[in-house]
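Welcome! Here is a short briefing to read with the structure in view. Take a moment to find the chains before you go on.

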Amino acid sequence: MGRGLLMPVLIVALVLAGCGRASRHGVRVGIEQIASIAAEGRLMADDLARGATKTTFVRVHGSELSAQAEHEAEKLNDNPAAPDARQAIPSAISLASDIGGAIDDLRTSPQDRVKARITEHKLGVWADAAAKLAKTL
Amino acid sequence: MTDQPEVNLVYRILDDQLVDVDGRRCGRVDDLAFDGDLGEPPRLWTILSGSGAWHRRLPRPLRTLGARVFGSGTLGLDIAQIPWSQVEGIDAVITLRSKARELGLGRGDEPRSTAAENLPRS
Amino acid sequence: MKKVFQLALGIIAAIGGFVDIGELVFNAQAGALYRFRLLWAVVVGVIGIIVYAEMTGRVAAVSGRPVFDTVRMRMGLNVALVTLVASMLINLITLAAEVGGVALILDLLFDVNISTLILLGVMGLVLIVYFVPFDGIERIFGYLGCALLVFVAAAVHLKPNWHHVAQGLVPSWHPSALYAYFVVGVIGAALVPYEVYFYSSGAIEDRWGVKDLNLNRANAFLGFGLGGVLSIALIIVSAQVFAGPQIQPGYLGTTALGAERAFGETGLLLALLGMLFAVGGAAVECAFSGAYTLAQFAGWEWGKYRGPREAPRFTWAWLVFFALAFVVVETGVDPVLLTEYAVIFSVVALPLTYLPVLLIARDRTFMGDHANGWLADLVGWSYFAIILVVAGAAIPLMLITNGGSG
């Protein structure tokens, strides 16, 4: 490939890679990620409720997941979204915040199995809600 | 024709590993030097080993940079000459008749080098 | 029993090479996204690495030449220099990722400050590598890494539809760039060059000769075969646990969660233990590979068997590699992301590593009666064609799929 061709190809590739305004697709990917975090948090909560996990694991992996939920919410908030994707963003940010908070609750008191079961239920509901929201886009 | 077996120098010798009389790896055949007058068949005279030989083999535009990075070929500093007569055998490696130190090779790997002295015993 | 211990080289090379931090996450993602539809790519990759590892081991045993020796001899100084720079860079990125991975796994086990764990992880690895003999290193990381077999047990325990699993082993195609990216990643990760640099130099460390050719074959088939089985198990577990709820695994913790879902805390602990030693083994392989390539390119004395004072430049090389990796990972860069990029970039360097191996392995001047037969030649060239395709497609696919994130 000549040098003249290389630059345009790289630029097109970078644009395809998601630089610039968050497209409908980009917003959907972000919300799917939030749904994924909730679903994973739910599995962790279930294991915690069954006494089938390790406290350090819940604390450390839980902090990774809640930090990612926060990060996804920030991304949705900060990137100017395409007009047809804008209406989903406030609900998505609210879900991300609830999900991150619930996972943080698991980390705070990993010995509380009853609370873990309640959190598991909540995370399941939010995971479904986020997945449905993503499908609207 | 001679009784000596033919050896393809580039295929078999160039870039091969040098091993001294004690079995220590002590460099590579980084270049070959020939002598002989015009009109006479050239004779392999010496093996050049050391990073100072590399820049001459790089593509032309990179040679100046190569000399700066790898050394420009100062004898005894970044390049050593090993007379062809020092070659004992050509097998999986090129074995030499003398110790690496005597040929000016493998200085950085000598047990009394600074590099070795600064390491704890294992 | 002695024979079993002699398989350690293949096992550490395969477990460290196959199931390093990138694979632990990459395979989990592959299973979550495509269930069993990428299993065939693992098989293609495994056969490829078995073919080439056997060749590199055979070349090392018969001619005493490790891989980088053949690169320098067959491809000349210039190509060898390019391969050296590329492989050192890839080794460093991968080593940083593995060191980061070791710290992350220790964190999941002990919940201590991550910076402290990075330092402890590097120090622990350096001390083991410095003071334990080569065969001891092989055994520590190879056999303790076998705790990862918990994923094989989990794959069976989670009762996948074996008919679908079998269908996944048959090559198929899915018309999307992301799928192609995963195919390239899975095949490329199986063939990462540092595995063969380590394996062939390890054969010389273990003083293999012509009498050990059967041992080489057994190491290549069983060691890398085991790596392949583990990769397949990771994909199956992930398909069973994460595909349904549409979880997108992005952390080592997520991979471990798969084993926890099957066997509770015991499964989790075994998974983390296996991951710790597999990733630690990969770190050792990367550091050694970097030092092997540098020493073999320049003709320095090398080898753990020589001892630090007999091969000081080689020893300093791997020590410096660990130090640089420590600095890179302390910057806070995500180790998982780092290793995925390292895999994709190393795919581009694959042809430069594997062509000289093939050329020497079929050359009767160097190999005598042990040169490739027609079958090894046919398979070797066929795989080289696959390597060229994979190498050409890697970077464009990485850009188009935004590094696999869709």
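How many helices and strands are there in chain B? In this predicted model, chain B has three helices and seven strands.

**Chain B as a whole**

- If you walk along the sequence of chain B, the elements come in the pattern α-β-β-β-β-α-β-β-β-α.
- Picture a box drawn along the principal axes: the C-alpha atoms of chain B fill roughly 55 × 40 × 20 Å.
- Chain B has 122 residues, and 28% of them are buried.
- Now take the contacts in chain B between residues at least 6 apart in sequence: 42% of these join residues at least 24 apart.

**A sheet in chain B**

- Three strands of chain B form an open sheet in the order E3-E4-E5, and their pairing is antiparallel.

**How the strands pair**

- Strand E3 of chain B covers residues 31-35, strand E4 of chain B covers residues 43-49, and five bridges join the two in an antiparallel arrangement.
- Which residue of E4(B) is the bridge partner of Leu32(B)? Look for Ile47(B), which takes that place.
- On to the next pair: four bridges link E4(B) with strand E5 of chain B (residues 80-83), again in the antiparallel sense.

**Where chain C touches chain A**

- This contact takes 24 residues from chain A and 23 residues from chain C.
- On the side of chain C that touches chain A, at least two residues each come from helix H5 (67-110), helix H13 (252-298) and helix H17 (374-400) of chain C.
- Which helix gives the largest share of that side of chain C? The answer is H13(C), with nine residues.
- Sorted by class, the side of chain C that touches chain A holds eleven nonpolar, seven polar and five charged residues.

Methods:
Residues numbered from 1 in each chain as written. Chains lettered and ligands numbered in written order. Predicted model: local features only at pLDDT ≥ 70, side-chain atom pairs only at ≥ 80, totals over all residues. Pairing = 2+ DSSP bridges. Buried ≥ 20, exposed ≤ 12 C-beta atoms within 10 Å, placed from the backbone. Contact = placed C-beta atoms within 7 Å. Nonpolar A, V, L, I, M, F, W, Y, C, P; charged D, E, K, R; others polar.
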